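Try each task yourself before you read the solution.

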Amino acid sequence: MTDDLVDRARTALDSAYAPYSGYPVGAALRTADGTVFTGCNVENANYSNSLHAEEVALGRAITAGHREFDALAVASGARDGVTPCGMCRQSLAEFCDDGLPIACDEGDGDVTEYTLGELLPTTIGADTLSAADGADGANES
Ligand code: THU
Ligand code: ZN
């Protein structure tokens with residue numbers, strides 16, 4: 001079910017701009033209606049400006065008006081079974097539920113599939129913020 005998506009992630013990593021880490025990453029995010037948005041990492045000489053493949057794919061999808069997703073695949077040029085980093089897991093959790101399948105290309109023909117909930121068992125969400133004192137902006141310090 002995610003084989004095609006893994007292929008799209010592998011293709012996307014060919015576009016990666018990763019001169020500093022030498023670690024190209026590709027991602028393919030499928031929406032509820034079956035549209036696929038790809039992304040690759042885009043590094044910068046100011047390292048902290050670098051974009052991750054998953055956030056590029058997510059940003060492209062959101063920009064096109066999508067808010068519901070049903071699968072993600074990631075692949076790396078190192079063929080080492082890359083998984084989304086903590087920051088990308090949190091970004092995905094903003095829009096995706098715990099059951100989102102995440103297919104990670106192991107590079108040797110194998111794909112390991114996780115769910116977002118396995119990779120990020122607890123998260124900060126809108127509920128977290130609304131439970132806080134002053135979440136309505138009335139907090140005074
Ligand atoms: N990278 C991603 O694109 N996605 C991740 O979630 C893991 C890390 C990129 C960022 C950087 O360009 C390179 O991989 C090495 O960390
Ligand atoms: Zn990341």
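This is a predicted model: local features need pLDDT of at least 70, side-chain atom pairs count only at pLDDT 80 or more; totals for chains, interfaces and linings use all residues.

**Solution.** The relative accessible area of Cys-85 is 26%. Buried would mean under 20%, and exposed would mean over 50%. Cys-85 is therefore partly exposed, since 26% falls in between.

**Exercise 1.** Find the protein donors of the zinc ion (ligand 2) and work out the geometry of its site.

**Solution.** 
- Step 1: look around the ion. His-52 gives its ND1 atom, while Cys-85 and Cys-88 each give SG, and these donors lie 2.0 to 2.2 Å from the zinc.
- Step 2: check the angles. The site has 4 donor atoms, with angles of 101 to 122 degrees among them. To count as tetrahedral, four donors need all angles between 85 and 135 degrees, and this site is tetrahedral.
- Step 3: go back to the sequence. The donor residues follow the spacing H-x32-C-x2-C. His-52 sits in the loop between strand 2 (36–40) and helix 2 (53–63), and Cys-85 in the loop between strand 3 (69–76) and helix 3 (86–93), so this pair ties together parts that are 33 residues apart in sequence.
- Step 4: check the accessibility of the histidine. His-52 is partly exposed, at 28% relative accessible area.

**Exercise 2.** Work out how many disulfides the structure has, then look at Cys-96.

**Solution.** 
- Step 1: recall what to look for. A disulfide is a covalent bond between the sulfur atoms of two cysteines.
- Step 2: turn to Cys-96. Its nearest cysteine sulfur belongs to Cys-88 and is 12 Å away, whereas a disulfide needs the two sulfurs within 2.5 Å.
- Step 3: Cys-96 is buried, with a relative accessible area of 7%.

**Exercise 3.** Count the salt bridges and find what Asp-105 connects to.

**Solution.** 
- Step 1: get the total. There are 4 salt bridges.
- Step 2: start with Arg-10. Its side chain meets that of Asp-105 at 2.7 Å, N to O. Asp-105 is in strand 4 (residues 101–105) and Arg-10 in helix 1 (residues 3–12), so the pair ties together parts 95 residues apart in sequence.
- Step 3: compare the two ends. Asp-105 is buried at 1% relative accessibility, while Arg-10 is partly exposed at 25%.
- Step 4: look for another partner. Arg-79 also forms a salt bridge with Asp-105, with the closest N and O atoms 3.6 Å apart. Arg-79 comes from the loop between strand 3 and helix 3.
- Step 5: Asp-7, Arg-10, Arg-79 and Asp-105 are linked in a network of salt bridges.

Definitions and conventions. Residues are numbered from 1 along each chain as its sequence is written. Chains are lettered from A and ligands numbered from 1 in the order in which they are written. Side-chain values use heavy atoms; hydrogens and water are left out. Donors are N, O and S atoms within 2.8 Å of the metal (3.2 Å for Na, K and Ca); water is not among the atoms, so sites may look incomplete. Four donors count as tetrahedral if all angles lie between 85 and 135 degrees; four count as square planar and six as octahedral if opposite donors are over 155 degrees apart and all others between 65 and 115; anything else is irregular. Helices (H or I, at least four residues) and strands (E, at least two) are DSSP runs, numbered from the N terminus. Buried means under 20% relative accessible area, exposed over 50%, partly exposed in between (1.4 Å probe, protein chains only).
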